[in-house]
Amino acid sequence: MADILSLAADNLLSPVILSFILGVAAALGRSDLSVPEAAAKGMSIYLLFAIGFKGGASVADHGVDGTLIATIGAGLVLSAGLPLVAFNLLRIMTKMSRVDAAAVAGHYGSISIVTFVAATSVLQGRGISSEGYMVAVAAVMEAPAILSALWLISTGGSDRRMDGTLLREILLNGSIVLLVGAFFIGLATGQDGLASISSFIVAPFTGVLCLFLLDMGLVAGRGLRDVRGSLGYGAVAFGIMMPVIGSLAGLAAALLIGLSTGGSVLLMVLSASASYIAVPAAMRVALPEANPSIYLTLSLGITFPFNLTVGIPLYVTLAQLATGG
Amino acid sequence: MKTHKAKRVVITIEAIMQKRLTDALESAGVTGYSILDVIGGSGRSGPWTSEGQISRASGMVQVICIIREERLDTLIDAAFDVVDKHIGVVTITDVEVLRAERF
């Protein structure tokens, strides 16, 4: 317990998390601080490119081992399976309608790439290495949860269907294309490629992440302001319980596969995080009757800040205990 | 100067649905329209603003078409298939245009 608290305190005192907290505080205090949309978009492109490239270069350096396929398979199963857990939990803990519960559940099977990036930064700061291909696992975990959410609705007799346009939008959304594309560029060019652009994608990375998380803090803070109006106590409790349950499922999968401590943490973070970009967009198209203020507030206002401040240190400690790392 | 009667259809819809709507309009032969960003507003779900939205998924746009009256039903049928269950507003107003051959 003391370890967890000490790690949580260290994590909270990192520039990255303090920037996030500054954003949350500014939004809660109704400051007019804002990051221009184009700047935030530029930073997200930079972060996705950098994380994808570094992951690819790492795989090129260390080679592909048998755990790659197993981890991707585990990611697919976790992404598709966690919404079923989330859906049943929501039906027990809250009075949400079936449609709202399915829409929320879809978010909790999918991932938050920003939480993933923040976790890689924490691991890097602690000198804990991880498998480079976790970036690819992140990419494959985005979409299956959406299919699970739509399946949950179809079992209730609704006729919501996935059409070809929506499927293409989900699979080829800009974040996934950039992340996977940069991964393959890193894989193709290896450590030489990384060395040639490291002054751009390695050295400034943490500074850019600070500014990006400042913006995310502002967005999450606005989400937190909406909690009182849109969420009951049961839903708020779900927003904290579900990431812990997801992380434990991720840890179990990581132990079965034999991932390193860092890889285990990242699989836990992917399983614990909830989407607030790709899945909300898909839900607006496929389930327009679901209330967006419920799923966005839960994912962005509760789970995202929880994971960044308390979740990541908790997952690092659990992974270290479980893997002996 | 002589003017001609026409209909102005304004469809306020979620940005995520914009491409689906314009595709449906074009399939119905409505190839002229303008798209405007909506910076904020208030409705049944309460007030909202485009500022600080994390993605365009939660933003709104307006698709504006000016057409001859006889083509109105075609446009409305095409639009309704897309906007039916989604947040948004469809309004139709009478307008006058100067160059009828353009519509």
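Predicted model: local features only at pLDDT ≥ 70, side-chain atom pairs only at ≥ 80, totals over all residues.
In soluble globular proteins, nonpolar side chains tend to be buried together.

Helix α16(A) deserves a look of its own. Running over residues 292-323 of chain A, the helix spans only 39 Å between its end C-alpha atoms, while a straight helix of 32 residues would span 46 Å. There is also a kink in α16(A), of about 50 degrees and centred on Asn307(A). The helix is mostly covered, with 23 of its 32 residues buried. After α16(A) comes Gly324(A), with a positive phi near 75 degrees.

Over in chain B, there is an open sheet of four strands, paired antiparallel in the order β2-β5-β1-β6. Strands β2 (34-38) and β6 (88-97) of chain B sit at the edges with a single partner strand each, so one side of each has no neighbour in the sheet. From one strand to the next, the twist averages 20 degrees. The antiparallel pairing of β1(B), residues 4-14, with β6(B) takes in 10 bridges, and Ala6(B) has Val95(B) of β6(B) as its bridge partner. Packed on this sheet is helix α2(B), residues 72-83, which touches β1, β5 (60-67) and β6 of chain B. The direction of α2(B) makes about 5 degrees with that of β1(B).

Definitions and conventions
Residues numbered from 1 in each chain as written. Chains lettered and ligands numbered in written order. Helix = DSSP H or I, 4+ residues; strand = E, 2+ residues; numbered from the N terminus. Expected span 1.5 Å × (residues − 1). Bend = angle between axes of the 7 residues up to and from the residue. Buried ≥ 20, exposed ≤ 12 C-beta atoms within 10 Å, placed from the backbone. Pairing = 2+ DSSP bridges. Axes fitted to C-alpha atoms, helices over the stretch in contact; angles between N-to-C directions. Contact = placed C-beta atoms within 7 Å.
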